[in-house]
Amino acid sequence: MELSTRLILAGCYLIFAPFVIGLLDGFDRKISARMQGRRGPSVLQPFFDLKKLFEKEFLTANKAQLFMIRSYLVFIALSGVLFFGGFDILLVVFSLSTAAMFLILASTSTHSPYSAQGTHRELVQIMACEPMELLVAVGFYLATTPSTFNVSEIISGSPISNIVYLPGFFVGFVFVLTIKFRKSPFDISTSHHAHQEVIKGVTSEMVGKEYGMVTLAEWYENAILLGIVGLFFLNSNPVSIVGAIIAILVVWFLEILIDNTSARVKWQLMLKLAWGVTIVAAGMNLLLLEIIRG
């Protein structure tokens with residue numbers, strides 16, 4: 001892939017990702033409301049909420065928190081540029097992990113008991129998700145011939161979608177998506193819903209423009225996560241783009257369905273479930289890949 005093409009794709013991500021994910025968030029609220037027998041807000045409500053946040057003045061708890069939040073947004077955006085620009089997917093995973101650390105540091109800088117509790121649970125969520133995210137990168141590496149972590153080469157290197165070779169990795173990744181999207185039954189550190197048990201958890205002391213930046217960063221991150229879902233279905237045939245979009249929408253709806261039909265679990269059970277699915281689904285798939293390659 002030429003550098004100019006990479007830059008165009010990365011630019012499209014930076015410009016259009018918030019609009020696409022914000023619209024999906026609006027439909028999420030509308031569909032969730034209909035599942036609960038309510039009419040629900042406008043599908044444009046997330047954009048109204050974000051606009052209202054950025055219209056408020058800076059009320060950060062301290063300068064360190066503002067720096068950490070800005071760093072969180074920058075590293076999330078950098079992760080998306082690397083992914084949609086077709087660069088190293090392993091580097092994308094590491095960049096997302098670095099961004100998560102900045103969010104945690106921003107939360108701990110406030111000394112709020114609600115933020116502290118949310119931070120502890122956020123760390124548990126990272127422990128639950130990180131193994132699966134790393135294994136997905138390894139799975140793409142092993143499934144591609146010649147083996148590579150480069151996103152553009154993963155797509156163009158085979159006429160067959162990687163979902164054929166990586167069904168276990170796909171199942172495991174979709175499972176941890178519920179954690180990454182902060183949806184029930186795993187919305188233990190923070191949530192976009194009013195039923196969050198620890199106020200806003202890790203984002204309790206983030207208001208105004210600061211919380212707006214966190215929301216924008218989460219939209220950028222969700223675009224990356226859904227992009228990885230699509231990567232399972234993309235191949236050298238341009239028609240596969242249609243299949244990838246359909247798969248993304250199906251997974252997105254599945255997450256909404258799970259969110260509205262399940263109750264929150266304790267963090268201990270979340271950790272056991274996440275690691276169990278990672279070991280069984282991804283582990284067995286990894287063993288099968290090694291047998292095939294051998």
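Biologist: Helices are DSSP runs of H or I with at least four residues, numbered from the N terminus. With elements named in that way, where is the place of P146?
Modeller: This is a predicted model, and the peptide bond that joins T145 and P146 in it is cis, with an omega of about -5°. In terms of the numbered elements, the place of P146 is in the loop between α5 and α6.

Biologist: Which loop holds R182, and which residue is joined to P185 by a cis peptide bond?
Modeller: Most residues other than glycine have a negative phi, and most peptide bonds are trans. R182 has a positive phi of about 60° although it is not a glycine, and R182 lies in the loop between α7 and α8. P185 is also found in the loop between α7 and α8, and the cis peptide bond there, with omega at about 10°, joins P185 to S184.

Biologist: How many helices and strands does the protein have, and what is its radius of gyration?
Modeller: The protein has 10 helices and 0 strands, and the C-alpha trace spans about 55 × 45 × 40 Å along its principal axes. For 294 residues the globule rule gives 19 Å, and the protein comes close to that value, so it is as compact as a globular protein of that length, with a radius of gyration of 19 Å.

Biologist: Are α1 and α8 roughly parallel or roughly perpendicular to each other?
Modeller: Two packed helices are described by the angle between their axes and the distance between the axes. For α1 (residues 3-35) and α8 (residues 208-231) the axes lie 8 Å apart and the angle is about 90°. Angles of 65 to 115 degrees count as roughly perpendicular, and α1 and α8 are therefore roughly perpendicular.

Biologist: How many residues of the contact of α1 with α8 are nonpolar?
Modeller: On the side of α1 the contact includes Y13, L14, P18, I21 and D25, while α8 brings residues including L216, W219, Y220 and I224. By class, 2 residues of this contact are polar and 1 is charged, and the number of nonpolar ones is 12.

Biologist: Which helix gives the largest share of the lining of the largest pocket?
Modeller: The largest pocket holds about 910 Å³ of space and is lined by 32 residues, with F84, G227, L234, I241 and I248 nearest its centre. By class, this lining has 23 nonpolar and 9 polar residues and no charged ones. At least two lining residues come from each of α1, α3, α6, α8 and α9, and the largest share, 8 residues, comes from α1.

Biologist: How many cavities of 30 Å³ or more does the structure hold, and how much space lies in the largest cavity?
Modeller: Rolling a probe the size of a water molecule over the atoms shows where empty space is left. The structure holds 1 cavity of 30 Å³ or more, and the space in the largest cavity is about 200 Å³.

Biologist: Which residues lie nearest the centre of the largest cavity?
Modeller: Each of α3, α4, α5 and α7 supplies at least two residues of the lining of the largest cavity, and the largest share, 6 residues, comes from α5. By class, this lining has 9 nonpolar, 2 polar and 6 charged residues. Of the 17 lining residues, those nearest the centre of the largest cavity are A100, E122, K180, R182 and E221.

Note on methods. Residues are numbered from 1 along each chain as its sequence is written. This is a predicted model: local features need pLDDT of at least 70, side-chain atom pairs count only at pLDDT 80 or more; totals for chains, interfaces and linings use all residues. Side-chain values use heavy atoms; hydrogens and water are left out. On a 1 Å grid over the protein atoms alone, a cavity is a set of points where a 1.4 Å probe fits but cannot get out, and a pocket is an open set with protein on both sides within 12 Å along at least five of seven lines; lining residues have an atom within 4 Å of a point. Grid points are joined across faces, edges and corners, and a volume is the space filled by probe spheres set on the points. Ala, Val, Leu, Ile, Met, Phe, Trp, Tyr, Cys and Pro count as nonpolar, Asp, Glu, Lys and Arg as charged, and the others, Gly among them, as polar. Axes are lines fitted to C-alpha atoms, for helices over the stretch in contact, and angles run from 0 to 180 degrees between N-to-C directions. Angles under 35 degrees count as roughly parallel, over 145 as roughly antiparallel, 65 to 115 as roughly perpendicular and the rest as oblique. Contact means heavy atoms within 4.5 Å. The radius of gyration is taken over C-alpha atoms; the globule rule is 2.2 Å times the number of residues to the power 0.38.
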